[in-house]
Amino acid sequence: MPRGLTVDGFPTEEELKKSPGYPSEERFKRGPVAVVECVQEIPCNPCELACPRKAIQVGVPITNLPRLDEEKCTGCGICVARCPGLAIFVVDKTYSDKEASVSFPYEYVPLPREGDVVLAVDRAGSVVCDGTVLRISNPKRNDRTAVVTIAVPKGMADEVRGIARIRGERIG
Ligand code: SF4
Ligand code: SF4
């Protein structure tokens, strides 16, 4: 049975890896990098305008899929909060021997705290493993879209894209 964006509402890893916003495995080995999971041809380009290194290009027409120049990207994460589709992440597969870090946009309250043990979820929102909150970035320029970074087992770096929403009580 076919799967993917049109069936499930979120793309498969195969669809993503074919898209121009997805870094190569070689690039992942060299440290943090943006993962642009935008595979629908919509008129949108804040990601292009946000990147100070011009590492994301949409160009003309504005419905082009965003293209990541993985050599220019430093993994700074500025673009993560600027994407209205919440479709950009930063993944660092070199974070430690056993863990990768994943940064993602988070628009709920309460925010988690550094050191919290949280439930990491995949693109479908299913819990896939535990994570530990490393940092939360929420400067005024983010316009209330916080960027949360968690550490997860290295093998989960391609799957984890968020955390379970914390309802009332904090996890951990
Ligand atoms: S992570 Fe930083 S350098 Fe990379 S695309 Fe985003 S804004 Fe540009
Ligand atoms: S800002 Fe987000 S939704 Fe818009 S084109 Fe860029 S990646 Fe896609």
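The legends below describe close-up views of a predicted model. Residues are numbered from 1 along each chain as its sequence is written, and local features need pLDDT of at least 70, while side-chain atom pairs count only at pLDDT 80 or more. Chains are lettered from A and ligands numbered from 1 in the order in which they are written, and side-chain values use heavy atoms, without hydrogens and water.

**View 1. The surroundings of ligand 1.** Ligand 1 is surrounded by residues that include Ala-34, Cys-51, Pro-52, Cys-73, Gly-75 and Cys-79, where a residue is near if one of its heavy atoms lies within 4 Å. By class, this shell has nine nonpolar, three polar and no charged residues, with Cys and Pro counted as nonpolar and Gly as polar.

View 2. Two strands pair if DSSP finds at least two bridges between them; β5 (residues 99-106) and β8 (residues 146-153) pair in the antiparallel sense over eight bridges, and Val-102 stands opposite Ile-150 in β8.

**View 3. Aromatic pairs.** Two aromatic pairs are counted, with ring centres within 6.5 Å and planes under 30 degrees apart called stacked, over 60 edge-to-face and the rest tilted. The rings of Tyr-22 and Phe-28 have centres 6.1 Å apart and planes at 70°, so this pair is edge-to-face. Tyr-106 and Tyr-108 also form an edge-to-face pair, 5.4 Å centre to centre with 75° between the planes.

Definitions and conventions:
Helix = DSSP H or I, 4+ residues; strand = E, 2+ residues; numbered from the N terminus. Phe/Tyr/Trp six-rings, centres within 6.5 Å; stacked < 30°, edge-to-face > 60°.
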